[in-house]
Every structure is written in C-alpha cells, then in structure tokens.
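Trainee: I would like to go through the terms used for this model and check each against its definition.
Mentor: Go ahead, and ask for the criterion each time.

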Amino acid sequence: MSIVDENNLCSDVSVESMLSVWQQQDVDHVWHPFTPMTVYARESPPMIVSGKGFYLEDAHGKQYLDGISALWCNVHGYQVPELDAAITEQLGKIAHTTFLGGTSPIAIELAFELAQRTPGDLNHVFYSDAGATAVEAALKIAVQYHAQKQSGAEKRTKFIRMDGAYHGDTIGSVSIGKIDAFHKPFEDLLFETMTVPSPVAYRAPQGYDEQSWLQYCYDAVEQILSQRADEVAAFVIEPLVQGAAGILVHSSGYLKFVREITQKYGIPLIADEVAVGFGKTGTLFACEQEEVVPDIMCLAKGITGGYLPLAATVVNEEIYSAFLGEPSQGRTFYHGHTYTGNALASAVSLASLKLIDDNKVLENVAVISSRLQQRLEEVAKHPHVGDVRQQGVMIGIELMADKSNQTAYDSALRMGNQIAVAARKRGVIVRPLGDVIVLMPAIAMPVQQIDELCDAVFESIQEVCV
Ligand SMILES: *Cc1c(COP(=O)(O)O)cnc(C)c1O
C-alpha cells in the first residue's frame, strides 16, 4: 500500500483495484521476453513497484530477495544513493547527445576507465546498447578486420562457437548461438558456423569418462583449427562459464588453451564477457583468471550496475588500426545505433565502477563465494540434485529425476519453474534455466542475505523434489 502511494502512482485509487487494471493491461498489451504468455497469465507473476538494497517490493507490499540480480545485471542493489546521484547530476547537464561524429565528456571518461581495466591492449571502446549488439558489432568488426588488415587482406567469414553457446538474440548473435530451444526456428536465416564441444565433465556423453571427454573437447579444437583456420574470422567464447546453457563451468585451463591455440593459428578471440564480466566470477573480468587477453571483449549486463542499457565492444590495437585511413580508402566501420554512448548510462557506469573500488566489492565476492560453496555442499546431497556448478556468484543446481543414472525429469513437469514458484512464496526470486536452478546474487550482496537465499531455495527443493 505505502509504496504505491509514495510513488504517486494511484494516490486516490485503491491498490487492489489498480492492481487488477494493471494485470489486465499486462495481459492485453505486453509481450514479455522469453516468456510463454499463456502460462504467464495463469501464474500471477510479481508486479514489482520498487526496490531497495537487495529486496524488491510488489504491489501488495510483499518483499522479495532478488536471487538473480535482475537477470544477472544488478551489482550494488536498488536505490543505491551514489548511482542515483550520478544519474541526477548528469540529468542536470544532458541526457543524451549523438555519438555519430560527436562526443561527450562522460562517455569519454567511461571509455578511458574501461580501457584501463580491461586486460592487455584492449584500448578502443565501441559502444552499443545490449549484450547482443555488443556481440553483433564484434562479429562485423572481425570480418571487416580480415578484409583490411595490414598483414594482407583475407576473406574470412566463418565463426567458431561452443556447443550450448548463447550470445544474444539478434540474427548474428543467434548464428553463433547453439541452444536448440531458442535458435531452431531461425535455422534457415543463420550463417554457417563451426561448433566445438563444451568442456564440461558432467555433460560427457555415453561412452566417455570425465578425462576422455575433456581430451575429446581439446582435440576437437585442435582439429578444426588445423583444417580450417584460413576461413575463420574469429573464435567466440563465453569465458569460464556458459551462462544460458545452464551455468556450465568449463574445465579449468580450457580458456588459456583456446587463447594459445587461436594465437598459434592467427585467429582472433572474441570473449563474450556480457554475463561473466564485472565481478561475477571473482575477478573484474573472467579472462583475468587464466591470464588471457582476447582480441575483442564484449561487455554489457553489469556494466551500468544494472541501472540502464549500455554495452561495449572493446578491441585491441591491431584490430582497431585496420579501420584507420582516409575515408576514400573505405576502411570505416559503418555501424552504430542512435543511442550509442548515452550520457545517463555512461554516468551510472562510471559511478558503478567507482563503487566497486570504494566498497571493495571484489573482496565481498570472495567472501560470499566461499559461503555459497559451503552452503551448496548441503544441497548437493539431495537425492534429486544431480550436479552443482559454481564459479564465483554464478551457480547452477541441476535437478534430476534419478541422479544415479542422470535421468532428467519429464520437461512437462517444469520442475525448475515449480521451485521458482515455491521460492517466491518464501520471499525469494529466482529464475531457472529448464531444470537448472540458477542463483546469481548481486556481487555486493552481504553474507546474511546469501544465507537467506540459500535457505529459501534449498527448502523449496526439499518441498518440490520429493
Ligand atoms: C545475456 C547475454 C547476452 C545478451 O545480452 P542482452 O543485453 O540481453 O542482449 C550475450 N551474451 C551472454 C553471454 C549473455 O549472458
């Protein structure tokens, strides 16, 4: 009640009557992303009207702990005074001005900070608005780079992707994705891409043990590169963890191996850090953990602390230099979006980076990651938990009908969804990927709330998986 009044949304109408109007209009006019709308209407999704700290509040005044950081992007919580102030201050100057041939101090300052913090000579920032557009830009940059590079022009148009890859939902990003449920309907529209297997022991097919499967995965990369390197524009990878595939944590050392072998064959490496970037794996960028410097890095989700849409494709000197020259040489990258370099989004990104430093948030990630690891040992023993995967604050708890032989539940049961509904009753929001329960708390979440999250989710698993 109170919260709606505070926001002056309906001060003279009862919340209950407003709520039913909103619910009806939601069903009549809103098409939600990644949402089966028929089921959505039946399941009374929470109508969030405000958020503070790490809690969300719905129109009934019920509080929820956010266990998925607003789909993997929130960093410091909600109504963070420093972030709110950064936006207000920028709003007093200008909200947006074009970046096509023009510029603004705030977006320059952010590009400088990103260049400082990204590894190696990733020094040139191409802005866009979403993870998918950051990847889309990276793909086009890679192709045009080969056509213009100083070492001799080459036509290279093929990409290498991982099995289970997810890089966003625009057509180029879908072309390098490999999740059938999402990508199959568009098959005929997509460009040809080569696939390498995902080095994840739990997903070893029949006939392989852990070791022989990982060996197969390494060999597959060597084989494809040794045969087709001269066609390949770039190797695209989600470093350390494949998020949307079900929080698949790669075998340690694989990223470094991919960097070394792509270097050996002269193939640019595109690191999609959209999900893993900004602290979630324990370091600011996941690549740092294996001392890898990619040629192109894609950033989005956590970049603004979860406040506004902004993305960046950061490229190294070699790639950037291929686009230089007089306009008549035709080397320009003719690509961009109207809201590129948005000033409000840049302002809040800078404030979020500063807060990561000031509040020593990466130290908090270490604390809460080890607490999560401890707590996950409890749930791993549950008879229907087949596998628990963790890298930093990225967690996947995979449910199985029979864990002794990895028999999945009938997908019609929607076990993952049942657990999300049960957790919601306990005041916690999570969103599963099929039957993988995903926990992805904001990296600044204190350890007490980590316990609250684990309690609610583990109790929900107990309740549903009997
Ligand atoms: C979410 C995600 C994307 C897409 O980002 P959007 O902002 O939703 O377009 C791309 N790559 C990875 C690894 C992601 O997790």
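Trainee: What makes the crossing of H10 and H11 right-handed?
Mentor: A crossing is right-handed if the near helix is turned clockwise from the far one by less than a right angle, and left-handed if anticlockwise. The crossing of H10 and H11 falls in the right-handed class. The model is predicted: local features need pLDDT of at least 70, side-chain atom pairs count only at pLDDT 80 or more, and totals for chains, interfaces and linings use all residues. Residues are numbered from 1 along each chain as its sequence is written, and side-chain values use heavy atoms, with hydrogens and water left out.

Trainee: Why is H10 called roughly parallel to H11?
Mentor: H10 (residues 210–228) and H11 (residues 254–264) pack at an angle of about 15 degrees, with axes 11 Å apart. Angles under 35 degrees count as roughly parallel, over 145 as roughly antiparallel, 65 to 115 as roughly perpendicular and the rest as oblique. H10 is therefore roughly parallel to H11.

Trainee: Which residues of H10 and H11 make the contact?
Mentor: Tyr 218, Val 221, Glu 222 and Leu 225 of H10, with Tyr 254, Phe 257, Ile 261, Thr 262 and Lys 264 of H11; contact means heavy atoms within 4.5 Å.

Trainee: What makes H6 oblique to H13?
Mentor: Helix H6 (residues 105–117) and helix H13 (residues 343–358) pack at about 40 degrees, with their axes 8 Å apart. That angle makes H6 oblique to H13. H6 passes H13 in a left-handed crossing.

Trainee: How are the contact residues of H6 with H13 divided by class?
Mentor: Eight are nonpolar, two polar and four charged. Ala, Val, Leu, Ile, Met, Phe, Trp, Tyr, Cys and Pro count as nonpolar, Asp, Glu, Lys and Arg as charged, and the others, Gly among them, as polar.

Trainee: Why are H14 and H16 called roughly parallel to each other?
Mentor: The axes of H14 (residues 361–380) and H16 (residues 447–464) come within 10 Å and cross at roughly 20 degrees. H14 and H16 are therefore roughly parallel to each other. H14 passes H16 in a right-handed crossing. Residues that meet there include Ile 368 and Leu 372 in H14 and Cys 454 and Phe 458 in H16.

Methods: Axes fitted to C-alpha atoms, helices over the stretch in contact; angles between N-to-C directions. Helix = DSSP H or I, 4+ residues; strand = E, 2+ residues; numbered from the N terminus.
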